[in-house]
Amino acid sequence: MRVIKFGGTSVGSADRMKKVASLIKDGNENVVVLSAMSGTTNSLVQIANYLFEKKNDLAAQLIEGLRLQYFAVVKELFEKSESQEKMKELINSHFDFLVSFTQDSFTIHEEKAVLAQGELISTALLHYYLEDQNINSRLLPALQFMRIDKDLEPDYFYIKENLKRLREEQGECKLYITQGFICRNAKGVIDNLKRGGSDYTASLVGVATEAEE
């Protein structure tokens with residue numbers, strides 16, 4: 001087992017994502033940890049700031065601009081029209097979720113959910129691109145195994161047991177994709193591992209899977 005982490009710049013465009021795909025289909029058993037696409041987290045932070053300031057119109061404008069950027073990535077990444085439509089639906093589900101925050105009160109708990117969307121989208125794009133290229137992979141949702149305790153430290157036992165469970169449920173595969181940065185806290189609420197969190201995720205996954213590299 002190897003754990004391979006790619007930062008935002010490495011998945012910052014359709015071309016770079018294709019390059020990542022070519023690197024990870026090497027026949028080894030790999031867990032691939034992804035950050036959000038370059039620039040996305042900064043945009044999500046700005047969206048959250050606008051929502052805190054009750055500048056909902058500005059937040060909505062930024063959300064729609066980011067949605068269009070992802071539509072462009074989808075068009076470049078996927079050749080088949082049916083694949084493009086499928087991915088546009090997925091992108092819309094994430095951005096409609098973001099839009100929902102412009103219509104209600106906004107707290108720090110919602111902020112963490114907003115910030116999580118970048119990693120959720122990047123991993124979905126790579127996973128479905130691999131599927132489109134007939135490369136077998138499994139998506140391991142970090143929100144189902146990555147958790148911090150009441151002291152904001154990693155819950156090592158929970159991480160190891162639930163990562164093992166998810167891999168068993170997904171069935172035998174040599175290529176797993178998961179999100180860096182995001183997790184749940186001791187209350188089960190979406191949280192994150194702070195800046196540099198994707199590196200932290202990769203390290204924790206390496207320990208949990210007893211990775212050789």
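Mentor: Let us start with a definition: a polar contact is a pair of N or O atoms within 3.5 Å, where within protein one must be able to donate a hydrogen and the other to accept it, and residues adjacent in sequence count only if both atoms are side-chain atoms. The model is predicted, so local features need pLDDT of at least 70 and side-chain atom pairs count only at pLDDT 80 or more, while totals for chains, interfaces and linings use all residues. Residues are numbered from 1 along each chain as its sequence is written, and side-chain values use heavy atoms, with hydrogens and water left out.

Trainee: What makes a polar contact of the pair formed by the backbone oxygen of Y158 and the side chain of N162?

Mentor: The backbone oxygen of Y158 lies 2.9 Å from a polar atom of that side chain, and the limit is 3.5 Å. The side chain of N162 also makes a polar contact with the side chain of R165, at 3.0 Å.

Trainee: Why is N162 called buried?

Mentor: Its relative accessible area is 15%, and buried means under 20%, exposed over 50% and partly exposed in between (1.4 Å probe, protein chains only). N162 lies in helix 6, residues 156-170; helices (H or I, at least four residues) and strands (E, at least two) are DSSP runs, numbered from the N terminus. Leaving aside neighbours within four places in sequence, N162 is in contact (heavy atoms within 4.5 Å) with Q144 and F145.

Trainee: How do you know that strand 4 is paired with strand 2 and with strand 3?

Mentor: Two strands pair if DSSP finds at least two bridges between them. Strand 3 (residues 138-140) pairs with strand 4 in the parallel sense over 3 bridges, with L139 opposite I177.

Trainee: What makes strand 4 mostly covered?

Mentor: In strand 4 (residues 175-179), 5 of its 5 residues are buried. L175, I177 and Q179 point one way, and Y176 and T178 the other way. In a regular strand the side chains alternate between the two faces of the sheet.

Trainee: Why is the pair of Y70 and F95 called tilted?

Mentor: Rings of Phe, Tyr and Trp (its six-membered ring) pair if their centres lie within 6.5 Å; planes under 30 degrees apart count as stacked, over 60 as edge-to-face and the rest as tilted. The structure holds 5 aromatic pairs. Y70 and F95 are 5.8 Å centre to centre with 50 degrees between the planes, hence tilted. Y70 lies in helix 3 (residues 56-77) and F95 in helix 4 (residues 81-100), so the pair ties together parts that are 25 residues apart in sequence.

Trainee: What makes the pair of F101 and F106 edge-to-face?

Mentor: Their ring centres are 5.8 Å apart and their planes stand at 80 degrees, so the pair is edge-to-face. F101 is buried at 10% relative accessibility, and F106 is buried at 11%. Ring pairs link F52, F97, F101 and F106 into a cluster.
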